[in-house]
Amino acid sequence: MAAPFRWGIISTGWIAGCFIKDVLIDPKTRGVHDVTHKVTAVGSRTVAKAQEFINKHAAGDDSIKPYGTYQEVFDDPNVDGVYIGTPHTYHYESALAAIKSGKHVLCEKPVTSNAAELRSLLAAAKEHSVFFMEAMWTRFQPLALEVKRIAEEGSLGKPVVLHADLSGDFDVQNIPTTHRILDPQLGGGALLDLGPYPLVWAIIALYENPANNKAFPTTITGNMLKTPLTGVDSSTVFTLSFTPTETSSLAAQAILSCSITLNAPEPGVTIRFERGTITINPPIYSPRSFKVTYLNKGAAAGDKTVAEGTLTRTFEYVGKGWHFQADEVARCVRDGKRESEAWGHDKSLLEMDIFDEVRKQGGYVFPPGVEKVV
Ligand SMILES: NC(=O)c1ccc[n+]([C@@H]2O[C@H](COP(=O)([O-])OP(=O)(O)OC[C@H]3O[C@@H](n4cnc5c(N)ncnc54)[C@H](OP(=O)(O)O)[C@@H]3O)[C@@H](O)[C@H]2O)c1
């Protein structure tokens, strides 16, 4: 068993609280016996907040150092890697500073404000030889692994159309316009905050399908409805088409949407294959159940080798599901890897290239200075 992976937590907001709670759960409770975790430092913009966060989530653990700057966490020799939970438009500068200090990085979604920032971070991670991954937690959950296995095992045939939506009602009329979901300075709007989740399912079911052979979508379209409150997108619809090329044989489309003024629909994801359908119940960022409907389309009369019927699967584990990505980081670093195979740099780049294109078509321009690299 390798030594525990020593985490530094950057920021003390909502998601940082979710992450530390899960990462402190004994991995054995989820059947993980090869890696363990320890939190050794918390960085906040004030040391009092860092201490308060430690008191709340790890009361009595004096081994966790509170710091009043993020840089002190990056400089701490007792930290192997950092988890970054700042608002979207601060990911770039925090991740870059961590990388330059030689720390491995797990950075919240969306990994950066745009694709140029991500390319710059990946170059820095390569130069400093550190592991870097976007915190796309859904991809590592047992349900996602099982959906992927069933989608690729052959009975359903190839995927043809995928519909996915993540919406959440943020009560935008009654929150301050400085809230990160509304403020364009913080990359507000539906696409950057919620869009990664419909997209992750398109990446799992279409981009990762062996028939696609890692081809990027041939066409991307995007359309945005803006809120008059601050001009950020309140609802966005985007589509991806994968058409066969010399190296890929997948012909499939994804119809994806997100909104900050509606609740999530049910099912949240529908993947239609040549010979059946997979539906996934909300919340699509950490679903606990899905259903497969098999059609024995094309089977000769009486041929029982082609499946027909339905299968429902449910998943239980201790915690909320943020810990599976932490296990991946610990394993990759233990094994000397600089990126994850499951959520590699190519997938974050695909995501940011798609978001840039959707923002371009939707007319969403960040205020000057928000993008640190263009
Ligand atoms: N994976 C998921 O399920 C999930 C869910 C929600 C959010 N997220 C992502 O996590 C990130 C943070 O979201 P959140 O909901 O946790 O936000 P939040 O509650 O507002 O927390 C953000 C934290 O970032 C720090 N920060 C640094 N500069 C800041 C600034 N200029 N304005 C505000 N805060 C600043 C603050 O911590 P200190 O004061 O301690 O420095 C703050 O508490 C976003 O990128 C979001 O997309 C992911």
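Helices (H or I, at least four residues) and strands (E, at least two) are DSSP runs, numbered from the N terminus. With that in hand, let us walk through this structure.

This is a predicted model, in which local features need pLDDT of at least 70 and side-chain atom pairs count only at pLDDT 80 or more, while totals for chains, interfaces and linings use all residues. Residues are numbered from 1 along each chain as its sequence is written, and side-chain values use heavy atoms, with hydrogens and water left out.

Most residues other than glycine have a negative phi, and most peptide bonds are trans. Here are some exceptions to look for. Another cis bond runs from Glu-266 to Pro-267, with omega near -5°; Pro-267 belongs to the loop between E10 and E11.

Ser-11, in the loop between E1 and H1, has a positive phi near 90°. Asn-213 also has a positive phi, about 50°, and lies in the loop between helix H8 (196-207) and strand E8 (219-226).

Buried means under 20% relative accessible area, exposed over 50%, and partly exposed in between (1.4 Å probe, protein chains only). By that rule Ser-11 is buried because its relative accessible area is 7%, whereas Asn-213, at 47%, is partly exposed.

Gly-268 is buried too, at 5%, and is found in the loop between strand E10 (252-259) and strand E11 (269-273). Leaving aside neighbours within four places in sequence, Gly-268 is in contact (heavy atoms within 4.5 Å) with His-163, Ala-164, Asp-165, Ile-280, Pro-282 and Ile-284.

Helix H1 (residues 14-23) has 8 of its 10 residues buried, so it is largely enclosed by the rest of the structure. Those buried residues, among them Phe-19 and Ile-20, pack against several elements, including strand E1 (5-10), helix H2 (47-57) and helix H9 (323-334).

**The ligand**

Which residues are closest to the ligand? Of the 23 that surround it, they are Thr-12, Ser-44, Lys-49, Tyr-70 and Lys-109; a surrounding residue has a heavy atom within 4 Å. The table gives some polar contacts (pairs of N or O atoms within 3.5 Å).

| Residue | Polar atom from | Distance to a ligand oxygen |
|---|---|---|
| Trp-14 | backbone of Trp-14 | 3.0 Å |
| His-91 | side chain of His-91 | 3.1 Å |

Taken alone, the ligand exposes 900 Å², and the protein buries 84% of that.

Key
A polar contact is a pair of N or O atoms within 3.5 Å; within protein, one must be able to donate a hydrogen and the other to accept it, and residues adjacent in sequence count only if both atoms are side-chain atoms. Accessible areas come from the Shrake-Rupley method with a 1.4 Å probe; for residues, only the protein chains shown count as cover.
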